[in-house]
Amino acid sequence: MDDLKAKYLGLIADAQDESTLEDLRVQAVGKKGEISLKMRELGKMSPEERQVAGPALNALKDEINSALAAKKAALADAALDERLRTEWLDVTLPGRPRRQGTLHPISQVSEEVTAIFAEMGFSVAEGPRIDTDWYNFDALNIPGHHPARAEMDTFYLHRAEGDNRPPHVLRTHTSPVQIRSMEAMGAPLRIICPGGVYRADYDQTHTPMFHQVEGLALDTDISMANLKWVLEEFVKAYFEVDDVELRFRASHFPFTEPSAEVDIRCSWEGGQLKVGEGDDWLEILGSGMVHPKVIAAGGIDPEVYQGFAFGMGIDRIAMLKYGIPDLRAFFDSDLRWLRHYGFAALDMPNLHGGLSR
Ligand code: PHE
């Protein structure tokens with residue numbers, strides 16, 4: 001028995017993996033293992049012999065079983081240690097900046113605008129770029145004969161003869177998302193919608209596709225004063241200045257009443273734009289109190305709810321903030337331009353870090 005014990009404890013100690021251990025277990029204490037066979041011999045012994053050999057064999061069996069279990073646990077620990085040693089990863093390391101690939105100024109500015117309005121409780125809404133003329137025009141109080149339809153140089157989608165679906169257009173502004181958001185969410189409501197829009201126009205400051213951000217706030221106690229405050233907060237945060245002066249110029253949009261175009265005080269001294277000082281005015285957006293007919297078209301009672309809306313050119317405010325002279329270059333996919341005007345992909349804008357840092 002002493003020999004058996006020495007043999008198996010030695011083999012177990014030397015085992016390098018689990019399958020060797022399992023073989024040893026079968027060899028020693030398995031059904032036909034050496035110790036099990038010895039136990040069978042107990043029957044042939046005299047009662048006196050059995051009284052000594054029985055407990056001793058059982059003790060040996062226990063000892064081998066616990067040596068097997070201990071070795072199994074030790075092997076598992078060693079395997080884990082080895083994995084931890086080879087598979088470690090320092091999650092505190094800074095990201096590795098890619099040398100190629102930057103965020104387009106439009107993406108950057110959309111993120112900046114979103115961060116600023118999010119802080120004021122606006123969520124981001126979306127709508128389709130191909131929409132029906134009802135959402136793009138009629139629901140916004142621009143009926144079929146209205147001159148605004150012609151002014152917007154609308155792209156209409158071709159319809160095959162006999163196609164009875166409503167006419168579709170490439171949306172000429174983000175304002176149809178006002179209607180879709182009212183339908184989907186009801187009032188009160190506070191959303192912005194950044195996105196692409198289309199008009200047939202092309203020169204240094206116009207491209208057939210460009211970007212706007214729509215804003216809409218509906219509640220039971222909203223006035224032009226709220227609009228003015230929100231826009232002032234936005235302009236200060238966006239241009240990263242402490243003070244701005246906004247000028248509300250009476251204007252006309254079919255979907256707002258009253259309507260105002262908003263200019264900011266600026267200077268162009270030395271060809272450099274400075275916001276908040278100087279004698280020039282820069283138009284940045286259209287806005288107004290949402291027309292009751294538009295609120296009703298969105299399925300909301302205009303007797304109860306009113307609100308403001310605005311629409312601003314994202315490409316335009318990107319050009320202004322980052323000194324980009326030609327709008328057309330935004331869409332040329334020129335790598336040198338993208339590297340020059342692009343932003344580091346890992347540097348997401350937020351108010352607390354300073355937006356454009
Ligand atoms: N949709 C208008 C445009 O594209 C802008 C606007 C939006 C004006 C909302 C007033 C209110 O010119």
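The following conversation discusses a predicted model.

Biologist: Which residues have the most contacts inside the largest nonpolar core?

Modeller: In this predicted model, they are Phe-117, Phe-234, Val-235 and Phe-308, within a core of 46 residues.

Biologist: And which elements give two or more residues to this core?

Modeller: The helices are α5 (105-119), α9 (224-239), α11 (314-322) and α12 (335-341), and the strands are β5 (209-219), β7 (256-267), β9 (280-290) and β10 (306-313). The largest share, seven residues, comes from α9.

Biologist: What does Phe-117 touch, not counting residues up to four places away in sequence?

Modeller: Phe-117 touches Phe-122, Ile-192, Val-230, Phe-234 and Phe-310.

Biologist: Which charged residue sits over the ring of Tyr-238?

Modeller: That is Lys-321, whose charged end lies 4.5 Å from the centre of the Tyr-238 ring. Another such arrangement involves Arg-328, with its charged end over the ring of Tyr-202 at 5.6 Å from the centre.

Biologist: Lys-321 is in α11, then. How many residues of α11 are buried?

Modeller: Seven of the nine residues of α11 are buried, and the helix is mostly covered. The buried residues are Ile-314, Asp-315, Ile-317, Ala-318, Met-319, Leu-320 and Lys-321.

Biologist: What do those buried residues pack against?

Modeller: They pack against α5, β4, β5, α9, β9 and β10. After α11 comes Gly-323, with a positive phi near 60°.

Biologist: Turning to aromatic pairs, how many are found in the whole structure?

Modeller: The search finds 11 aromatic pairs. One of them joins Phe-253 and Phe-255, and this pair is stacked because the ring centres are 5.7 Å apart and the planes meet at 25°. Phe-255 counts as buried, at 9% relative accessibility.

Biologist: How are the rings of Tyr-322 and Phe-343 arranged, stacked or edge-to-face?

Modeller: Their planes are at 70° and their centres 4.8 Å apart, so the pair is edge-to-face. Tyr-322 belongs to helix α11 and Phe-343 to the segment after α12, so this pair links distant parts of the chain, 21 residues apart. Phe-343 counts as buried at 14% relative accessibility.

Biologist: With which residues is Ala-67 in contact, leaving aside neighbours within four places in sequence?

Modeller: Ala-67 is in contact with Leu-9 and Ile-12. Ala-67 and Ile-12 are 55 residues apart in sequence, and their C-alpha atoms are 7.1 Å apart in space. Ala-67 lies in helix α4 (residues 47-86) and is partly exposed, with a relative accessible area of 21%.

Biologist: Now the backbone. Where is the peptide bond from Ala-187 to Pro-188, and what is its omega?

Modeller: This bond is cis, with omega near -5°, and Pro-188 lies in the loop between α8 (176-185) and β4. The bond from Glu-257 to Pro-258 is likewise cis, with omega near -5°, and Pro-258 is found in strand β7.

Biologist: Which residues have a positive phi although they are not glycines?

Modeller: Among them is Asn-141, with a phi of about 65°. Asn-141 lies in the loop between α6 (133-136) and α7 (147-151), and counts as buried at 18% relative accessibility. Glu-240 also has a positive phi, of about 55°. Glu-240 lies in the loop between α9 and β6 (246-253) and is partly exposed, with a relative accessible area of 40%.

Notes. Residues are numbered from 1 along each chain as its sequence is written. This is a predicted model: local features need pLDDT of at least 70, side-chain atom pairs count only at pLDDT 80 or more; totals for chains, interfaces and linings use all residues. Side-chain values use heavy atoms; hydrogens and water are left out. A nonpolar core is a set of buried Ala, Val, Leu, Ile, Met, Phe, Trp, Tyr and Cys residues joined through side-chain atoms within 4.5 Å. Buried means under 20% relative accessible area, exposed over 50%, partly exposed in between (1.4 Å probe, protein chains only). Helices (H or I, at least four residues) and strands (E, at least two) are DSSP runs, numbered from the N terminus. Contact means heavy atoms within 4.5 Å. Rings of Phe, Tyr and Trp (its six-membered ring) pair if their centres lie within 6.5 Å; planes under 30 degrees apart count as stacked, over 60 as edge-to-face and the rest as tilted. A charge sits over a ring if NZ of Lys or CZ of Arg is within 6 Å of the ring centre and within 35 degrees of the ring normal.
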